Amino acid sequence: MAGAIIENMSTKKLVIMGVTLLLFQALAFIVGGLVEDGAMVTIDVGLAYRDDTISEWTEMAHSFEQRRLSCNFTATKTFENEGRYYECELLPFMEIGSVAHKYYLLNIRLPVNERKKINVGIGEIKDIRFVSIHQNGGFTQVWFAMKTFLTPSILIIMIWYWRRITLMSRPPVLLEKVILALGISMTFINIPVEWFSIGFNWTWMLLFGDIRQGIFYSMLLSFWIIFCGEHLMDQTERNRFSVYWKQVGPIVFGSFCLFIFDMCERGVQLTNPFFSIWASDVGTELAMAFIIVAGICACLYFLFLCFMVFQVFRNISGKRTSLPAMSKARRLHYEGLIFRFKFLMLVTLTCAAMTVIFFIISQVNEGHWHWGDHAVQVNSAFFTGIYGMWNLYVFAIMFLYAPSHKRYGDEQSSDAGANSGEDIQLTTTITHVDGPTEIYKMTGKEAHE
């Protein structure tokens with residue numbers, strides 16, 4: 001029987017959001033008691049907590065778990081080398097999503113039953129060590145501050161954006177609805193519910209965070225497809241969601257697969273924090289296959305998005321041939337619109353590239369503890385930078401695509417109107433209550449000259 005008391009330092013620093021413990025067993029070599037290849041160790045483990053040094057322990061979880069050993073003895077297996085340690089890979093042990101209590105107690109027992117072949121052929125155990133992976137206090141403070149500040153910022157711009165839409169005399173178009181949905185998903189991921197984990201033992205925080213991020217991923221990827229598609233479709237095909245079902249369908253299906261995969265591990269951990277999909281050979285193979293397939297799909301999506309952006313650029317470049325025939329003022333007006341639109345498309349492509357890279361690295365980092373020598377680490381600055389980039393991008397999209405309160409009307413048909421039209425914001429929707437802007441007409445396949 002082995003016991004370990006872990007003190008949560010949340011009283012001295014901000015609360016740690018979650019803890020992952022990896023088990024390291026120091027196995028000694030003895031002649032006649034070798035560690036068999038692929039030996040299975042059975043662990044009787046329990047977890048309890050208390051908030052002071054005098055109260056009784058309250059049990060949180062208890063389970064019998066099996067972990068397959070992967071050990072290597074680097075020296076020659078002779079009597080002279082008895083007592084030397086094997087080199088063993090780390091084993092996934094426990095993962096909890098919230099540590100709201102001050103003290104935690106781990107009880108570990110390794111029962112032996114030769115008749116049932118339980119804990120037979122695992123060598124001589126000299127020591128058990130733990131590696132803790134947690135969100136430290138400094139990063140938690142920065143993370144909480146960002147969420148607390150960005151939540152009202154996105155919420156205010158979203159309300160302002162939709163109010164501009166409702167002031168129009170026509171119903172919202174597809175792109176405007178998708179931008180609103182993107183703002184809602186960004187607000188959902190921004191809401192700092194982590195503040196409540198300080199006082200409440202919400203063990204489902206990790207699962208909830210993954211669900212929020214999955215919803216935002218699916219919405220962001222769908223938005224980029226529709227955003228580019230609305231600049232490529234014919235005038236008669238625009239503003240219809242059914243046109244994009246072939247592109248959006250796989251995104252929704254992939255997001256559903258992500259949810260199922262997450263529920264297979266984090267869902268079970270709600271009642272048994274010692275469960276790990278990496279504990280079995282089948283689970284390890286499925287997890288690694290899922291990570292590889294997810295990375296390949298993310299790369300293919302980015303290549304497809306690059307192709308769509310290229311088509312948008314080529315479509316706009318074809319319309320530039322009519323600019324020399326215009327007056328100078330009108331030509332400068334259109335060139336300004338095209339330049340700003342191309343810049344926004346490049347920003348979109350950059351944001352997509354960083355998102356795909358972050359997604360792949362996050363998936364690899366999720367499993368690198370189980371891959372031996374292959375290790376990839378996500379820097380906290382990169383993590384917060386991607387999060388800030390998402391908020392800034394969503395904020396800019398809603399600001400730039402909000403319909404103008406100005407009425408240009410027939411003024412745009414004259415050169416004088418072109419001069420005053422320099423105030424037109426970059427939008428593919430409708431700035432006047434009766435018709436689309438020039439850039440919206442120019443980017444269509446069957447644009448009206």
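Begin by selecting helix 2 (174–190), whose 17 residues reach 24 Å from first C-alpha to last, close to the 24 Å expected at 1.5 Å a residue. The expected span here is 1.5 Å times one less than the number of residues in the helix, while helices (H or I, at least four residues) and strands (E, at least two) are DSSP runs numbered from the N terminus. Helix 2 is mostly covered, with 13 of its 17 residues buried; buried means under 20% relative accessible area, exposed over 50%, and partly exposed in between, with a 1.4 Å probe and protein chains only.

Before going further, note that this is a predicted model, in which local features need pLDDT of at least 70 and side-chain atom pairs count only at pLDDT 80 or more, although totals for chains, interfaces and linings use all residues. Residues are numbered from 1 along each chain as its sequence is written, and side-chain values use heavy atoms, with hydrogens and water left out.

**Around helix 2**

Select Thr-151 next, which is found in helix 1 (residues 137–166). Thr-151 counts as buried because its relative accessible area is 13%. Leaving aside neighbours within four places in sequence, Thr-151 is in contact (heavy atoms within 4.5 Å) with Asn-190, Ile-191 and Pro-192.

Then follow the chain into the loop between helix 2 and helix 3 (205–229), where Ile-198 has its place. Ile-198 is partly exposed, since its relative accessible area is 36%. Show Trp-195, Phe-196 and Phe-200 together with Ile-198, and you have a nonpolar patch on the surface with about 400 Å² of accessible area together. Such patches are made of residues with over 30% relative accessible area and no salt bridge, like charges being joined within 9 Å and nonpolar side chains (Val, Leu, Ile, Met, Phe, Trp, Tyr) within 5 Å; accessible areas come from the Shrake-Rupley method with a 1.4 Å probe, and for residues only the protein chains shown count as cover.

**Salt bridges**

The structure holds seven salt bridges, each defined as a side-chain nitrogen of Lys or Arg within 4 Å of a carboxyl oxygen of Asp or Glu. Select Asp-210 and Arg-266, whose side chains meet in one of these at 2.5 Å, N to O. This pair links distant parts of the chain, with Asp-210 in helix 3 and Arg-266 in helix 4 (residues 245–269), 56 residues apart. Asp-210 is partly exposed, with a relative accessible area of 27%, whereas Arg-266 counts as buried at 10% relative accessibility.

Which of the two is buried and which is partly exposed? Asp-44 counts as buried at 11% relative accessibility, and Arg-109 as partly exposed at 38%.

A further salt bridge joins the side chains of Arg-67 and Glu-65 at 3.3 Å, N to O, and both of these residues are buried. From there, select Trp-57, which lies in the loop between strand 3 (40–50) and strand 4 (58–68). Trp-57 is partly exposed, with a relative accessible area of 27%, and its C-alpha atom is separated by 9.4 Å from that of Leu-47, 10 residues away along the chain.

**Helix 7 and the annotated spans**

Select helix 7 (residues 380–400), where the 21 residues should span 30 Å at 1.5 Å a residue, which agrees with the 30 Å between its end C-alpha atoms. Among the buried residues of helix 7 are Thr-384, Tyr-387, Trp-390, Asn-391 and Val-394.

An unreviewed UniProt entry lists several spans as "transmembrane region", including 244–261 and 337–361; its positions are given in the numbering used here, feature names are shortened, and annotations may be inferred rather than shown by experiment. In the model, residues 244–261 are 94% helix and 0% strand, with end C-alpha atoms 26 Å apart. Residues 337–361 are 100% helix and 0% strand, and their end C-alpha atoms lie 36 Å apart.

**The whole chain**

Finally, zoom out to the protein, whose secondary structure comes to nine helices and nine strands. Of its 449 residues, 47% count as buried.
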